[in-house]
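User: I want to go through this model by question and answer. Please keep it brisk.

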Amino acid sequence: MAAPGARRPLLLLLLAAGLAHSASALFVVKDSNGTACIMANFSASFWTAYENEHGSQNATFLLPPSAEVLNSNSSCGSENASEPSLTIAFGSGYSLMLSFTRNATRYRVQHMSFTYNLSDTQYFTNASTKGIHSVDSMTDIKADINKTYRCLSAVQIHMGNVTVTLHDATIQAYLLNNTFSKEETRCTQDGPSPTTGPPSPSPPPSPSPPLVPTNPTVTKYNVTGENGTCLLASMALQMNITYLKKDNKTVTRAFNISPNDTAHGTCGLRVVTLRVENKNSVLELKFGMNASSSLFFLQEVQLNMTLPDAIDPTFTASNHSLRALQATLGNSYKCNTEEHIFVSKVFSLNVFSIQVQAFKVESDRFGSVEECVQDGNNMLIPIAVGGALAGLVLIVLIAYLIGRKRSHAGYQTI
């Protein structure tokens, strides 16, 4: 891949804007008789956080056209032994697996797992750890039995330090006629499914908590000490936690921080702490400062949480050497683009629509804004489009003038 360092920021920008994704491809799992049991048609993009000598880095890449069904790891399942699964393999050590389950009325992608290769220098430059790594999460991809799951919108599945995004997805398991059903169940992102008639009565589904919650709500935070406000923040927070359940299955679940959670903190000379807690979790964000460079930044994240369905219900994770959300003292850090802070192998923090200022806060108001790199890069899209249009107009104008000149030359007097 030529000049990967130059092309990767542009790819990340386009992925975030939804303007770049690979062409959709069809993947089919068949039984021993050649009958299709799973069909899936989609394109996919991948965002992965990893560590190297310079700290936390991001890798973004697409599902390539060479991706294909890995038959040895795909199955139509059996009545008593296993559930159907689709495994798509690509590159050197990469794979995406969708595992299906069903009940009397619905089927779903119960688990999605992604395997990636940190030894691949094309995407992971000087990664601190090497080799094959896997992440796993439950999903909210579901449809009525004998109907196709259809989603025109982008569907994101968060798996700790990895986010998988499916684009223009058509998926169906437990096929009856060796092809997609003409009837569809539309994803929630696309809105309600169209109906062809009055719905037939059905027993109410058993209640269950949402597996992939919607984006969290933006909340305002204020930490005040003896000398006034030392932290001002407006942001939405989401925690991605990977743990082992009591049934010995590893899952990654997303938990939103609610505006109703209790928030307080402390002001120190060199450390400012924001503590957000509820009956199940305590999240601490600690901001540090570098006096010589006049910068503040998020330097530590610590989480203590109770997970009732885990083998070990007490979950703890922390990182004391972060350098995120950085800005000049007296200014505020602002980022509208979603940010992923990789705290540990089992815990990451998603930050949405953030503006934060630590230590020097005057009159309880944000200071001058320092935008994140991602927001600054968002200007590249209108600039690139405008430049392309201007270039096209210039080419047309030049062609017109040349054509006109040649036309006049044919009628010169002798």
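User: Is Cys 372 buried or exposed?

Analyst: Cys 372 has a relative accessibility of 4%. Buried means under 20% relative accessible area, exposed over 50%, and partly exposed in between (1.4 Å probe, protein chains only). Cys 372 therefore counts as buried.

User: What should I know about the numbering and the limits of this model?

Analyst: This is a predicted model, where local features need pLDDT of at least 70, side-chain atom pairs count only at pLDDT 80 or more, and totals for chains, interfaces and linings use all residues. Residues are numbered from 1 along each chain as its sequence is written, and side-chain values use heavy atoms, leaving out hydrogens and water.

User: What is the mean pLDDT of the protein?

Analyst: pLDDT is the predictor's confidence in each residue, from 0 to 100. Of the protein's residues, 82% reach 70 or more. The mean is 83.

User: For residues 1-13, how many contacts beyond four places in sequence does the model have?

Analyst: Here pLDDT stays under 50. Where pLDDT is low, the predicted coordinates should not be read in detail. A contact means heavy atoms within 4.5 Å. For residues 1-13 the count is 18.

User: Which cysteine forms a disulfide with Cys 372?

Analyst: A disulfide is a pair of cysteine sulfur atoms within 2.5 Å. In this pair the sulfur atoms are 2.1 Å apart.

User: What handedness does the disulfide of Cys 335 and Cys 372 have?

Analyst: The torsion about the S-S bond is about 70 degrees, so the link of Cys 335 and Cys 372 is right-handed.
Cys 335 lies in strand E23 (residues 332-335), and Cys 372 in the loop between strand E26 (369-371) and helix H2 (373-377), so parts 37 residues apart in sequence are tied together. Helices (H or I, at least four residues) and strands (E, at least two) are DSSP runs, numbered from the N terminus. The handedness is right-handed.

User: How many residues apart are Cys 151 and Cys 187?

Analyst: Cys 151 and Cys 187 form a disulfide, with sulfur atoms 2.0 Å apart. Cys 151 is in strand E10 (residues 148-151), and Cys 187 in the loop between strand E13 (184-186) and strand E14 (219-225). Cys 151 is buried at 0% relative accessibility, and Cys 187 is buried at 3%. The pair is 36 residues apart.

User: What is the angle about the S-S bond of Cys 37 and Cys 76?

Analyst: Cys 37 is buried, with a relative accessible area of 12%, whereas Cys 76 is partly exposed at 22%. Their sulfur atoms are 2.0 Å apart. The link is left-handed, and the angle is -85 degrees.

User: What pattern do the disulfides follow?

Analyst: The count comes to 4 disulfides. Bonded cysteines are counted along the chain. The pattern is 1-2, 3-4, 5-6, 7-8.

User: Which helix holds Leu 394?

Analyst: Leu 394 is partly exposed, with a relative accessible area of 48%. Its place is in residues 380-409, which form helix H3.

User: What separates the C-alpha atoms of Arg 253 and Met 138?

Analyst: Arg 253 sits in strand E16 (residues 250-256). Arg 253 counts as buried, at 14% relative accessibility. Arg 253 and Met 138 are 115 residues apart along the chain. Their C-alpha atoms are separated by 7.2 Å.
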